[in-house]
Amino acid sequence: MRIIRNSCLLLVGMFLIFSLPAEAQKKKKKKDDTEASEPKKEDKKKTIEEETKKHAKMDGLFTIYQDSTNGKVKMAISEDQIGKEFIYFGQVKDGVLEAGAFRGAYDGEFIFKINKYFNRLEFEKVNTRFYFDEESALKRAEDANISRAIMASEEIIVDENGVYLIDANNLFVQETLTQVKGSGSSNPRAFKLGSASKDKTQILSINNYPENLNVAVRYAYDNSAPKNYGGSAVTDARYVSVEVFYTLLEVPENDYEPRFDDPRVGYFLNQVTDQTSPSATPYRDLINRWHLKKKDTNAAVSEPVEPITWWIENTTPVEWRETIKEGVLAWNPAFEKAGFKNAMVVKVQPDDADWDAGDIRYNVLRWTSSPNPPFGGYGPSFTNPRTGQILGADIMLEFVHFANRVKYDKIYNLAANEEETFTPQFGKGNNKFCNYGDFMQQNMLFGQIAAGINAGDDMAMEGIKKEAMIELILHEVGHTIGLNHNMKASQMLSPSELVDNNTGVLTGSVMDYVVVNVTKDREKQGNYYSTAVGPYDVWAVQFGYQPFGSDAEMDELLSQSTKPELTFGNDADDMRSAGKAIDPRVNTGDLSNDAIQYSIDRFETVRSLMADLKENTIDDGDTYQELRQNFSILSGQYAGASRVVSRYIGGVYVDRAVVGQEGATQPFTPVAYADQKRAMNALSKYVFAPNAWKTPNELYNYLAMQRRGYNFFSSPEDPKIHSLVLSIQNQALNHLLHYNTMQRLVDSELYGNAYDLGEMMTALNNAIMQADISGSVNTFRQNLQIEYANKLASIVKDSKNYGHTSRSIALYNLQRIKQMASNNGGNTLSKAHKAHLKLIVDSAMDQD
Ligand SMILES: [Zn+2]
């Protein structure tokens, strides 16, 4: 170590010795030059023209000069742009999942302004989350305790008649405007980008227009010794790059009128708090919507001055384009109700288009076939943060979701708890990500199995595939007009109304994540998916887009929210995860206003399809890959049904109507006793019972993946049947034994819940233990009983999360389990199992 340091010093020393004379010489020469030429020429400041010789000049919002030798840029900012607000918007041009970036990911938008500080220009990001009334004296204190974010400060190179030239290279090539490289994971084995390479990070392109400046930048990172080499999309983990599109744009000056959010309708919004209002709800949240204006203001229905124009990207499979167009235009009836004819227009990007799909001037329906599809569909939009006006939108879709392959053995690996490792760096913190395509693909494949078709082998858009495509496009386009999810919309019809239903409208809204409508009686199959907008969609578009004559007119529309077909609840309210949220009607993967019965039908349908699966799936010459995949798809449906049913236990219905609204009920109403009991009985029969698994055992002999190279190295290839079954059981169990669910059963007893914690826990104990504990216990049940006893034992110990009542009943059930297991009945494995159960109970008692 010491030797190295010394030699470094030596080198520095040598450099000084040799460089001094040269420096001195230079100075001398310069002095001579000055004396010889005209006096004081050096003092005269250079002009912009002189400073930008050998630069390409690009006129537009901010004049850009790009050095033709090294590609670096300078920017000219005029005096009238100082202090003015502009909008920033960022988007990933291309990336790789491991780096937290994928093509088309939106970074979000913000307001910034440019300030002059003596001889420098500062770029400041503006906080738009607060509002101060102009009339209030408090307005003078509007900056108080809100930090100022100065993103960059650049020296003015030339000040020429109110035009300032600055070096703008760092503004783009450094991560000034956005953070490209993530903050790092606490997991030491996580994929890591190395350090930013100055030489390899470059401006790729510049497009300058009067209203916006677009700059594409490639960020390159070097990591000489990666600990994680990433997946096959990472070409070389030592050299990874992420490409970002930046857009700086003028704040639109128009007559757009902001519209404020209402809790009964689901729009994306820019959240703004009024700091000068004495109200309990000082919200001025701006819904996101397009600036639609009637051409003919007097007409009840008119074409808009500027329609919302969609471009089908030229990467889209040709066979699909008509169906996609149909899906987009299916929104037009909703806009017509709001007073606009032909609000949506669809065009196809020419193959030789001179614009890129990342260009913000175009709203593009994009198709990619990524090695690791990041999301199942993604419909982001960006807005003017000051008004909520949507300025642009795109939709990202992945080819794989209409192909007949499940990319990874995902559903099958429920047991392995294979969580996606992708953490988005771009757009993190926004809630515009959508996973419907992925979700839909599994359901569509299920529909195909039920229909006895292998439609995924061709590219044709027909039958169930066409219905699924239209619903997916409707859903993603719905996001881009401002709508967020409505996970309650699948409650509109009864199970019997969904049978033989060919209306094209199965739910209140296309903004839900519905399970595919496969009818148990295969003779009475109608639509699998909705192919038209639902009543909620029409109503929501009216709220967002209809030009209202008065507040009363808007209130009148909103007062209809109590109609069952207009009901709404979004992701924040949905019960997809165990223990989260409270209203079981707000859920993903459910359908009908009796999701318990609908799920029971699904259990039955899966059972009957399992019986003939082998016969119906494979042909001579095939490998067994598709059989294994279809088994996974069926298991996934079973797991989904188990999850949906469990949420009714301990559930509380939520009503968000305002006080005095016609048709309103109280905000909280516990699920009826009979329904909670019905849900427990269904779980008992189809999920927990010793004979719940009807899959023919001989099917397991055939669940083989196709060999590919050495791909079985990471884990053995045999089907992990027991862990799969346990994972399905856990979909229910994790919710029933969640501290939120258990405590809610206790709390809600005070306001109407008749299915109390004691009754629930007794029923659960019986469902899991009673049928076989005195004799032989099959291996699925052994797994379940041990899992359950372990969960009870951890509840007893967990005073941090569980209330006393919950811990007491867990303890009580453990004692009962010990009694029940105190027999020596059954085969050897069953005896061993009972000894194990007793040990779990004893250990739980010992501790504390
Ligand atoms: Zn969505």
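Contact here means heavy atoms within 4.5 Å of each other, and helices (H or I, at least four residues) are DSSP runs, as are strands (E, at least two), numbered from the N terminus. This is a predicted model, in which local features need a pLDDT of at least 70 and side-chain atom pairs count only at pLDDT 80 or more, while totals for chains, interfaces and linings use all residues. Residues are numbered from 1 along each chain as its sequence is written, and side-chain values use heavy atoms, with hydrogens and water left out.

The pLDDT, the predictor's confidence in each residue on a scale from 0 to 100, averages 90 over the chain, and 92% of the residues score at least 70. In residues 1-37 the pLDDT is below 50, and this stretch has one contact in the model beyond near neighbours in sequence. The pLDDT is also below 50 over residues 411-420, but that stretch has 23 contacts beyond near neighbours in sequence. Where pLDDT is low, the predicted coordinates should not be read in detail.

The chain is divided into domain 1 (48-250) and domain 2 (308-736), with bounds that come from an automatic or database domain assignment. The centres of the two domains, taken over C-alpha atoms, are separated by 37 Å, and the contact takes 35 residues from domain 1 and 33 residues from domain 2.

Axes are lines fitted to C-alpha atoms, for helices over the stretch in contact, and angles run from 0 to 180 degrees between N-to-C directions.

| Helix pair | Axes come within | Crossing angle |
|---|---|---|
| Helix 4 (residues 321-329) and helix 7 (residues 463-480) | 8 Å | roughly 45° |
| Helix 13 (residues 673-688) and helix 16 (residues 757-770) | 10 Å | roughly 15° |
| Helix 14 (residues 721-736) and helix 17 (residues 779-797) | 10 Å | roughly 40° |

Angles under 35 degrees count as roughly parallel, over 145 as roughly antiparallel, 65 to 115 as roughly perpendicular and the rest as oblique. Helix 13 and helix 16 are therefore roughly parallel to each other, whereas helix 14 and helix 17 are oblique to each other.

A crossing is left-handed if the near helix is turned anticlockwise from the far one by less than a right angle, and right-handed if clockwise. Helix 13 passes helix 16 in a right-handed crossing, and the crossing of helix 14 and helix 17 is right-handed as well.

In the contact between helix 13 and helix 16, Y673, K677, M680, S684 and F688 of helix 13 meet residues of helix 16 including M760, A763 and L764. With Ala, Val, Leu, Ile, Met, Phe, Trp, Tyr, Cys and Pro counted as nonpolar, Asp, Glu, Lys and Arg as charged, and the others, Gly among them, as polar, the residues of this contact divide into eight nonpolar, one polar and two charged.

Helix 14 meets helix 17 through I721, H722, V725, L726, Q729, N730, L733 and N734, which face T779, F780, N783, L784, E787, Y788 and K791. By class, this contact has seven nonpolar, six polar and two charged residues.
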